[in-house]
Amino acid sequence: MIAYIIIIVVVAVLLLGVGGTMLLRPRGMHGVRRGRARELDLTGSMPRIDDDTSTGGGTATATKAPPAPPAERPQAPVRPSLEKPPPSAGRMVRLRARLARSQSGFGTALLGLLSRDRLDDDTWDEIEEVLITADVGVTPARQITSDLRTRVKVEGTRTPDEVRSMLRAELLAQVETEATRALRTQRHEGRPAVVLVVGVNGTGKTTTCGKLARALVGDGETVVLGAADTFRAAAADQLQTWGERVGARTVRSDKDQADPASVAFDSVSVGIEQEADVVLIDTAGRLHTKNDLMDELGKVKRVVEKRTAVDEVLLVLDATTGQNGLRQARVFAEVVDVTGIVLTKLDGTAKGGIVIAVQRELGVPVKLVGLGEGPDDLAPFDPVTFVDAILGD
C-alpha cells in the first residue's frame, strides 16, 4: 500500500514539472520580445550610434551634428545717391509740350466753334457746353461766353488769327489773378519759411513735398522736411528717401501713431537750429467730411505757430477730380487759411478749366502744377504758358 502511494506521488511530481515548464516558457519568451521592443524604442529616440573602427574596440560614439553656419549680418539699407536737381526756372516752359498734348482738345473745340461763319444761339450754347465740360464751372462758363459774344458783335468780321487772339485774351483774363503766385520760401527775419502741405487722401501730398524740396534745393535753398503724416507707415520713409536724394534732413517720429502736431513742432525747431531756408511739413491725408481730422489739422497749424509763423499753406488737389475738388477746397480753406493751390495730374485726363474754377471759388491762386510722375515734373504755374498750351500756340 505504501508502495502505491509513493508511485502516485512520483508520477504527480513528474507531471507537474513538465506542465510547469511548458507553461512558463512562452511567458518568458514573450517578455524577451517586449524587452527588445522597449530597447528599440529607446534607441530610436537617441542620437545615431556608429562603431568606432579606428580603435578596434567597438566603442560606441555619438555622431556630432555639423556646426551651424555663422549668422549673416543684416545689410544696411542702400542710401540713395545724392543728386543735383536742376533749377526751377524755365521748368514750365520745358513741360509745355506735355501740357499742350493733354489740354489741346479744349482749345481746339473752342477755336472751331468761334471760327464758324455764322454764330447763332445754338453755337453759343455749344461754346458754353465745351467750357463747362472742361471743368470751368457753370458761372465762369456763362461769363466767358457772354464776354466773347459781346466782342464778336463789336469787332464784326473774324479771321482765324483774330479768333485766336480774342479767345486767348479772354482765357488769360479768367486765369489771371491779383494774388501773387510766388512761393514764400526764403529765410526771413532770422528764421526759416514754414510751408504746410495739406489735402485729402491720394492727391499726392508726400510726393509734392519731395518734388518741391528737390526744386528748392536746385534753386540753392536749404530744406528741412517734416514727416507729420504719422498715420501712414510708409509716408515718413517715402519723404526721407526724397530728402536723402537731395541732402535735405527729414524730421520724423520713431513711434507709431505719434502726435502730428508734435512732429511738426520739432521740424520747425530743427529748421531754426540749423538756420535752414525753408521747412516743408507733410501732413496726413484726411477726408474733408471728417470733422475730427480737420480739427486735428487746425491743431497742427496752431502748435507750429507757437514756435513761428506759417508762411504758406498749400492745398494739393487732384486735377482729375474736377468739381469735387472744389468741395474739398472749401472745407480746407475754412480750417487752415489756404494760401496756394497745387494741382497734380494735370497731364492726364484733367480738364484745364479747373484752374479757373478753383481760383474763382477760393480767391486763392494756383501756384504749382504737377505735369507727370518724374522727379522734376512739378512746375510753378505760369498763366501765359498755360493758355498758349491750351490753344496749341
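## Packing of α4 against α5

In this predicted model, helix α4 (residues 121–133) and helix α5 (residues 138–155) pack with their axes 9 Å apart and at an angle of about 140°, where axes are lines fitted to C-alpha atoms, for helices over the stretch in contact, and angles run from 0 to 180 degrees between N-to-C directions. The two helices are therefore oblique to each other, given that angles under 35 degrees count as roughly parallel, over 145 as roughly antiparallel, 65 to 115 as roughly perpendicular and the rest as oblique. Helices here are DSSP runs of H or I with at least four residues, strands are runs of E with at least two, and both are numbered from the N terminus.

The contact (heavy atoms within 4.5 Å) is made by D121, W124, I127, E128, L131 and I132 on the α4 side, and by V138, A141, R142, I144, T145, L148, R149 and V152 on the α5 side.

Strand β3 (residues 193–198) pairs with β6 in the parallel sense over five bridges, pairing being assigned if DSSP finds at least two bridges between two strands. Within this pair, V197 has D282 of β6 as its bridge partner. Strand β4 (residues 223–228) also runs parallel to β6 and is joined to it by six bridges, and here L225 stands opposite L280.

Strand β9 (residues 366–370) is mostly covered, five of its five residues being buried. Strand β8 (residues 340–344) pairs with β9 in the parallel sense over three bridges, and I341 stands opposite V366 of β9. With strand β10 (residues 378–380), β9 pairs in the antiparallel sense over three bridges, and V369 has A379 of β10 as its bridge partner.

T344 lies in strand β8 and counts as buried because its relative accessibility is 8%. Leaving aside residues up to four places away in sequence, T344 touches T203, T208, V316, L317, D318, A319 and G370.

## Basis of the values

Residues are numbered from 1 along each chain as its sequence is written, and side-chain values use heavy atoms, with hydrogens and water left out. Local features need pLDDT of at least 70 and side-chain atom pairs count only at pLDDT 80 or more, whereas totals for chains, interfaces and linings use all residues.

Terms used
Buried means under 20% relative accessible area, exposed over 50%, partly exposed in between (1.4 Å probe, protein chains only).
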